[in-house]
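Here is a short note to read with the model open beside you. Please take the points in order and find each residue as you go.

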Amino acid sequence: MTKFETSSYETIKSALVNRDLKQALYDEGKVIMDGVLLTLHGDEHRKRRKLEHKVFQRDFFKYYEQELFPKTLNETILPFLKKGSMDLIDFGYRITMNLTADFAGIDRVKKTPQETENLLTLVKTFSQGATLVHSKRSHDEVNKEVLKALDKFEKEFLSPSKQRREKLIREFKNNKLKKEDLPRDVLTILLMNEDNINLNNDLIKREIAFYLQAGSHSTANSMTHALHEIFIWCQKDPQNITKISEDSIFLQRCVHESMRLHPASPVAWRKSQCPVSLEKNINMKKNDLIIMDLHEANQDKSIFGKDSHIFNPNRKVSKNQFLWGLTFGIGLHMCFGRDLDGGVVPNENTDPSNHQYGIVTLLVKKILNENGYPDPKNMPKVDANTERSNWASYPIIFGEKK
Ligand code: HEM
């Protein structure tokens, strides 16, 4: 097997839409990722994606962002505001845990912080299993922890959520419930399985576990990176604070610019299913591997300009490029949560009072509005357990800066 590497933006774009290249980044993480949407290929992937896409529609994202999310956000942040401080990573996981559980279809019946905490602990273990390829820990040890966590997850969360949905689906089939009154989540869609695709209980368990970790980890880290970039940018020029606080559309640009610099997955891996030529020097035979450096590609000077390595929310990009670059992927596996987390890109006709900003911008906005700033006595720490550039902790304080 030959291993190719590229950080060319255009080559990566062409690879991500190529049907002869199969997902390979999660081959190490099979215990949790085997058979889940992100690792499927060809017809199987197309059918599963079509079925689950029913949950991920723009109109529902807008409703979620404007109607449901503000309440969850206020409830989750309130204890921290009272305390006067919080850790961004801890908060980010708590808030996104509820968000991804809603979309995945996992009920939190007790509605207690302890229950969210328990789910969170399980999901962090799933996440370590999925990204095993970048883990510095013993792979055997991580896999054992993942299997144990999957068991616990099934007993405490998945089974009760399934039972409730199965009852509702029976009521719907007996004309006692309207379709629009069924929960709108991946678990319900899979249990209904209207397209009759190949599924079994173990697969559903891994799929839901995948959804929980795919959405929460990336959202929590994106929020923290965005705030970090904004804190530094405002330190350089205090006038930037006014600009950000007065213009939410501009704040969304700041978030997109930070997403460009900090893609949740710094690389994408694909294996060729047959000979594939991507550019002059990348001629793959069957079963060759291509490692695509999304982090580097997102700083491609020909696309993002000479200062592509720095945070510059005033950056101009051509109309056919997204400011966040390849951060949400493109093509066959493009992220389902893109519009939910990133929102919609505004245009000259956008009404700021009714715009879909995306969950990450809403989180950042709330923390800035509450005068959150880095705790000078408690420096942020990077996560030493992974090669990914994640924060392990990021303490902040609320109130006027002293
Ligand atoms: C800032 C936040 C997020 C980032 C940066 C992100 C990034 C990505 C990327 C890069 C991929 C494609 C990976 C590849 O091509 O190998 C992806 C796929 C995916 N993402 Fe996200 N994601 C985010 C949030 C979410 C959320 C909130 C959800 C769900 C609630 C979600 C669900 C998914 C799913 C289901 C896929 C697989 C799609 C497929 O394989 O067809 N993501 N994400």
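1. **Ground rules.** This is a predicted model, in which local features need pLDDT of at least 70, side-chain atom pairs count only at pLDDT 80 or more, and totals for chains, interfaces and linings use all residues. Residues are numbered from 1 along each chain as its sequence is written, and side-chain values use heavy atoms, with hydrogens and water left out.

2. Start with the rings. A pair of aromatic rings is described by the distance of the centres and the angle of the planes. Rings of Phe, Tyr and Trp (its six-membered ring) pair if their centres lie within 6.5 Å; planes under 30 degrees apart are stacked, those over 60 are edge-to-face, and the rest are tilted. The structure holds 20 aromatic pairs. One of them joins Phe56 and Tyr211, which are stacked at 5.7 Å centre to centre with 15 degrees between the planes. Phe56 is in the loop between α3 (42-52) and α4 (58-83), and Tyr211 is in helix α9 (residues 201-236), so the pair ties together parts that are 155 residues apart in sequence. Helices here are DSSP runs (H or I, at least four residues), as are strands (E, at least two), and both are numbered from the N terminus. Phe56 and Tyr211 are both buried. Buried means under 20% relative accessible area, exposed means over 50%, and partly exposed is in between (1.4 Å probe, protein chains only).

3. Now look at Phe80 and Phe91. Their ring centres are 6.1 Å apart and their planes lie at 85 degrees, so this pair is edge-to-face. Phe80 belongs to helix α4 and Phe91 to helix α5 (residues 88-104), eleven residues apart. Both Phe80 and Phe91 are buried. Elsewhere, ring pairs build a cluster from Phe56, Phe60, Phe61, Tyr63, Tyr64, Phe69, Phe103, Phe210, Tyr211 and Phe336.

4. **Charges over rings.** A charge sits over a ring if NZ of Lys or CZ of Arg is within 6 Å of the ring centre and within 35 degrees of the ring normal. Lys124 lies over the face of Tyr93, 4.8 Å from the ring centre. Lys365 has its charged end over the ring of Tyr357, at 5.9 Å from the centre.

5. **Salt bridges.** How many salt bridges are there? The count comes to 27, where a salt bridge is a side-chain nitrogen of Lys or Arg within 4 Å of a carboxyl oxygen of Asp or Glu. Asp339 and Arg58 form one, with their closest N and O atoms 2.8 Å apart. Asp339 is in helix α14 (residues 338-342) and Arg58 in helix α4, so the pair ties together parts that are 281 residues apart in sequence. Asp339 is buried, at 11% relative accessible area. Arg58 is partly exposed, at 44%.

6. **Further salt bridges.** Asp107 meets Arg164 at 2.8 Å, N to O. Asp107 is in the loop between α5 and α6 (113-130) and Arg164 is in helix α7 (residues 139-173), so this pair ties together parts 57 residues apart in sequence. Asp107 is buried at 16%, while Arg164 is partly exposed at 40%. Asp307 bridges to Arg315, with the closest N and O atoms 2.7 Å apart. Here Asp307 is partly exposed at 24%, and Arg315 is buried at 3%. Salt bridges also link Lys50, Lys54, Lys179, Glu194 and Asp195 in a network.

7. **Cysteines.** A disulfide is a covalent bond between the sulfur atoms of two cysteines. The test is a pair of cysteine sulfur atoms within 2.5 Å. A search of the whole structure finds zero disulfides. For Cys234, the nearest cysteine sulfur is that of Cys254, 7.6 Å away. Cys234 is buried, at 12% relative accessibility.

8. **Helix α15.** Eight of the eleven residues of helix α15 (residues 359-369) are buried, so this helix is largely enclosed by the rest of the structure. Among them are Ile359, Val360, Leu362 and Lys366. After α15 comes Asn371, with a positive phi near 60 degrees.
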